[in-house]
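Reader: I'd like to go through this model with you and ask what stands behind the labels. Shall we start once it is on screen?

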Amino acid sequence: MENKRKMMIFFLLLAVISSPVFAGEWTASVVKNLDALVTSCVVIPCSYTHAKERLPHSRLRGIWYLVSGQQVIYHEDKTLIAESFRGRTTLLGNLGQDNCTLEMTEIKDHDNGPFCFRIELVPTGTETSKTDKFSFVHDCVSFNMITKPPKPILLEPKTPIQGHPYTITCSVFSTCPTRLPKLTWSRGTAEEIHEAYREIHKGFWEVLSTVVFIPQEKDDHTDISCTAQFYGGMMSTEKLTIYVKRTVNYNHIIIPVVVGISIAGIFGGLCIFMMKKYKNRIAELQSQDGTMWNRLSRMSRRIRSVGPGSSHTDRR
């Protein structure tokens with residue numbers, strides 16, 4: 001009885017120790033839901049880990065399959081791929097680096113999934129362990145089918161002012177970073193347009209295009225549009241009307257006033273100069289006249305004083 005109890009405890013301990021090893025040996029990280037534009041493409045981000053040491057790429061085999069019907073949508077042996085998916089799937093990730101990312105192109109309206117990933121270890125010698133094959137049935141992806149392309153989003157940060165640089169940004173979302181949509185403007189040169197892209201969150205990307213130009217008076221009440229062209233041929237366009245704030249021009253007032261003030265200043269300066277000149281001249285003339293008058297006055301007094309004196313002398 002004691003031996004049976006010990007054996008039971010031993011097997012229970014073995015089960016406790018072994019369960020996490022086998023159950024937790026393989027884990028995967030796959031985006032659960034992605035938008036899929038019909039006729040375009042989707043990239044499914046996928047990564048996995050395992051408890052064993054890093055395995056050589058030559059021993060690894062990645063397989064993607066459709067849950068319903070167990071159809072293989074990707075296999076390194078293309079003859080094993082279901083005909084409806086043949087030529088449309090590519091494994092982008094490096095299995096040796098635990099990357100199982102898959103690209104699917106020419107999306108059909110029934111490619112909604114769910115799709116799951118399975119990893120296999122090519123046996124060497126007599127290896128037949130079941131742990132060398134693992135399907136991540138709880139980490140699958142489904143597609144939200146989109147039949148119309150998303151419209152670009154136009155961001156107008158401020159009111160355009162005549163003669164000042166003005167910026168408009170156009171953005172659109174995509175789940176296919178390997179074949180991102182192309183954004184084009186109805187105006188702007190290559191030097192005026194700048195493009196960028198970024199990952200918003202896992203599997204979802206944003207494409208950005210910015211145009212910078214200097215609006216003129218003729219641009220007031222005109223439309224500017226941004227067009228997104230997706231892989232597969234679908235296109236969508238968004239536009240906005242710009243209302244240019246005109247800069248007030250006072251030149252028609254300022255120039256005549258400045259000219260008038262300048263002429264008045266010059267004329268006033270000439271008048272002051274002439275007045276000073278005439279005053280100085282008058283002062284000189286007055287100075288000269290006063291001297292002559294003084295001389296004549298002195299001469300007159302002398303004559304008067306000499307005349308009567310001489311007559312009294314003669315009489316004596």
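Author: Let's open with K182 and E195, which form a salt bridge whose closest N and O atoms are 3.1 Å apart. Keep in mind that this is a predicted model.

Reader: What makes K182 and E195 a salt bridge?

Author: The cut-off is 4 Å between a Lys or Arg side-chain nitrogen and a carboxyl oxygen of Asp or Glu. K182 and E195 come to 3.1 Å, so the pair passes. The two ends sit in distant parts of the chain: K182 is in strand β14 (residues 182-185) and E195 in strand β15, 13 residues apart.

Reader: Why are K182 and E195 called partly exposed?

Author: That label covers values between 20% and 50% relative accessible area. K182 has 43% and E195 has 48%, so both get that label.

Reader: What about K239 and D223, how do you know that they form a salt bridge?

Author: Their N to O distance is 3.7 Å, and the limit is 4 Å, so they count. K239 is in strand β18 (residues 235-242) and D223 in strand β17 (residues 222-229), so this pair ties together parts 16 residues apart in sequence. K239 is exposed because its 53% is over 50%. D223, at 45%, counts as partly exposed.

Reader: Why do you call R88 and D111 buried?

Author: Buried means under 20%. R88 has a relative accessible area of 5% and D111 has 0%, so both qualify.

Reader: And what makes R88 and D111 a salt bridge?

Author: The closest N and O atoms are 2.9 Å apart, and 4 Å is the cut-off, so the pair is in. R88 lies in the loop between β6 and β7 (89-91), and D111 in the loop between β8 and β9, so the bridge ties together parts 23 residues apart in sequence.

**Around F143**

Reader: D111 also touches F143. How do you know whether F143 is buried or exposed?

Author: The relative accessible area of F143 is 5%, and the line for buried is under 20%, so it is buried. F143 is found in strand β11 (residues 142-146). Setting aside residues up to four places away in sequence, F143 touches L34, A36, V42, I44, M104, D111, N112 and F115. As for D109, it is 34 residues from F143 in sequence, with 9.9 Å between their C-alpha atoms.

Reader: Which residues touch the most other members of the largest nonpolar core?

Author: I44, Y48, W64, F115, F117 and F143 do, out of 32 residues in that core. Strands that each supply at least two residues include β1 (26-30), β4 (46-50) and β5 (60-66). β9 gives the most, with four residues. I44 is in contact with V30, L34, W64, T101, L102, V141 and F143, leaving aside its neighbours within four places. A second, separate core has 17 residues, among them L37, Y166, V172 and F213.

**Strand β1 and the surface**

Reader: Which residues form the nonpolar patch on the surface?

Author: I153, F173 and I200 do, with about 260 Å² of accessible area together. To be in a patch, a residue needs over 30% relative accessible area.

Key. Residues numbered from 1 in each chain as written. Predicted model: local features only at pLDDT ≥ 70, side-chain atom pairs only at ≥ 80, totals over all residues. Heavy atoms only, no water. Buried < 20%, exposed > 50% of the residue type's maximum accessible area, 1.4 Å probe, protein only. Contact = heavy atoms within 4.5 Å. Core = buried A, V, L, I, M, F, W, Y, C linked by side-chain atoms within 4.5 Å. Patch = residues over 30% accessible without salt bridge, like charges linked within 9 Å, V, L, I, M, F, W, Y side chains within 5 Å. Areas by Shrake-Rupley, 256 points an atom, 1.4 Å probe, with all protein chains shown as cover.
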